[in-house]
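Hi,

Here is the model I said I would pass on. Have a look at it first, and my notes follow below.

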Amino acid sequence: MADMSCSAADLLPLLGAAPNATLTAAFICSRFDAVSAKLSDATYAIDNTYLLFSAYLVFAMQLGFAMLCAGSVRAKNTMNIMLTNVLDAAAGGLSYYLFGYAFAFGGPSNGFIGKHFFGLSDFPSAAGFDYSFFLYQWAFAIAAAGITSGSIAERTQFVAYLIYSTFLTGFVYPVVSHWFWASDGWAGAAKADGNPLFGSGAIDFAGSGVVHMVGGIAGLWGALIEGPRIGRFDKTGRSVALRGHSASLVVLGTFLLWFGWYGFNPGSFLTILKSYGSDKAFYGQWSAIGRTAVTTTLAGSTAALTTLFGKRLLVGHWNVTDVCNGLLGGFAAITSGCSVVEPWAAIVCGFVAAWVLMGFNKLADKLEYDDPLEAAQLHGGCGAWGLLFTGLFAKKSYVNEVYPGLPDRPYGLFMGGGGKLLAAQIVQILVVAGWVTATMAPLFYGLHKMGLLRVSAKDEMAGMDMTRHGGMAYLYHDEDDNSNLPTNFGANRVEPSNNSTPEHQHQGGRV
């Protein structure tokens with residue numbers, strides 16, 4: 001916003017020898033100062049309202065995660081998986097308030113970890129951090145924890161969820177977000193000292209690495225240490241599908257996540273009322289926000305269609321669950337470069353992301369790796385591709401708009417910007433994978449050794465809703481349910497009958 005302040009000394013030469021010129025000049029300047037203050041207040045209010053609205057959208061993704069997870073597991077574990085999603089938000093809220101936010105954005109600090117604002121002390125700060133920013137970052141932190149819960153679904157003890165969720169949102173995730181998003185982080189593109197990594201810093205605008213890779217790799221280690229669910233692979237190692245019980249919930253969750261992604265990606269600008277100083281009066285940060293929403297949409301849509309036809313070629317049928325996962329894979333990939341690439345490049349991103357996901361799913365089956373929601377493959381694999389994609393396709397003008405201050409900053413390799421940005425992206429992939437492995441793998445292994453990670457085989461076969469949560473979410477009989485529940489313990493359906501008498505019986509069957 002242009003500076004509207006003035007002083008009486010500036011106006012006196014213009015007023016000449018008019019009577020009371022000094023008083024007139026002082027009065028005029030006081031009015032200008034009042035208008036300037038009101039405009040400044042309005043700018044803060046508009047930007048904070050935009051950020052709060054974006055935070056609400058990202059938080060709504062928790063409902064999407066809950067529905068997606070519930071539909072992707074068997075009915076006998078529905079209450080368990082939904083409770084873990086509630087726990088991610090609740091436990092994550094306290095841990096991020098007490099420690100997580102300070103570790104992530106507690107500057108001034110060193111390049112590794114923040115050290116101020118524990119328990120939001122001395123908050124809001126003169127550095128520009130307000131409560132809306134905390135709420136937005138908390139919503140991101142619990143999204144990472146929600147990703148991990150999908151990988152270890154249907155076989156994990158409740159206490160293990162509580163421990164890992166608190167640790168992930170309170171320490172593991174905040175350190176990574178400090179590295180790449182805080183102004184004093186060692187590897188971020190927005191590093192304040194003007195000396196970013198390789199002259200560029202890693203561009204991870206909304207978190208393909210910071211959020212999706214962190215959650216995906218944490219889930220990878222949890223699932224590896226736990227082992228596959230009972231019955232997931234036969235004695236010869238052949239994959240056996242343990243299908244989720246509700247495609248309707250999967251589709252509902254996917255659309256809720258799609259909706260929330262418009263807070264996740266465009267909202268990461270943090271402010272909206274900002275001009276880029278171009279000769280186009282209609283062009284500013286509001287335009288970049290709109291472009292980011294478009295690239296997000298195109299990447300997800302392309303990945304969904306690619307998965308639809310790709311799976312048709314591979315397995316011979318149209319599968320709505322696979323399409324939903326492909327869509328989310330496209331979103332996870334574009335999250336890194338959504339603000340700095342052209343819409344046409346987002347189509348490339350989504351196309352490749354779909355094949356990355358299908359390829360990692362094939363590899364998972366070969367290695368007898370069991371992830372009920374494909375979370376490690378989707379968020380970890382597609383997130384890593386998204387970082388590489390940004391290093392290849394980031395456009396110079398968009399990079400300079402989003403990350404101003406370094407006119408010679410490197411940009412995408414395929415756009416003529418050299419390989420330095422791509423090198424920074426590769427470094428991010430390696431350090432995120434290394435950090436999450438070094439922290440989460442020992443945690444899951446320790447829980448395993450203490451007998452706190454996996455439920456007993458008996459409880460797993462019967463379903464945790466009955467054995468751990470006091471009852472089923474609803475009456476339903478899974479296709480592969482080999483538990484000792486009564487044969488008539490399930491939802492009934494009415495089927496046509498040739499019996500014309502009114503006393504004919506409805507047949508019980510699996511839904």
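How many aromatic pairs does a search of the whole structure find? The search gives 41 aromatic pairs, where rings of Phe, Tyr and Trp (its six-membered ring) pair if their centres lie within 6.5 Å.

Before the details, some housekeeping. This is a predicted model, with local features needing pLDDT of at least 70 and side-chain atom pairs counting only at pLDDT 80 or more, while totals for chains, interfaces and linings use all residues. Residues are numbered from 1 along each chain as its sequence is written, and side-chain values use heavy atoms, with hydrogens and water left out.

Back to the rings. Phe167 and Phe171 have ring centres 5.8 Å apart and planes at 35°, so they form a tilted pair (under 30 degrees counts as stacked, over 60 as edge-to-face, and the rest as tilted). The two are four residues apart in helix α5, which puts about one helical turn between them. Both come out as partly exposed, Phe167 at 27% relative accessibility and Phe171 at 25% (buried is under 20% relative accessible area, exposed over 50%, partly exposed in between, with a 1.4 Å probe and protein chains only). Elsewhere, ring pairs link Tyr96, Tyr101, Phe105, Phe117, Phe123, Phe129, Tyr131, Phe133 and Phe134 into a cluster.

Overall, the chain has 15 helices and zero strands (DSSP runs, H or I of at least four residues for helices and E of at least two for strands, numbered from the N terminus). Of its 511 residues, 53% count as buried.

Helix α5 (residues 158-181) also packs with α4 (residues 131-151): their axes come within 9 Å and cross at roughly 125° (axes are lines fitted to C-alpha atoms, for helices over the stretch in contact, with angles from 0 to 180 degrees between N-to-C directions). That makes α4 oblique to α5, given that under 35 degrees is roughly parallel, over 145 roughly antiparallel, 65 to 115 roughly perpendicular and the rest oblique. Among the residues that meet there are Phe140, Ala144 and Thr148 from α4 and Tyr164, Leu168 and Trp181 from α5 (contact means heavy atoms within 4.5 Å).

Last, Gly199, in the loop between α5 and α6 (208-226). Gly199 is partly exposed, with a relative accessible area of 34%. Leaving out residues up to four places away in sequence, Gly199 touches Leu406, Arg409 and Pro410. The C-alpha atoms of Gly199 and Arg409 are 6.3 Å apart, although 210 residues separate them along the chain.

Cheers
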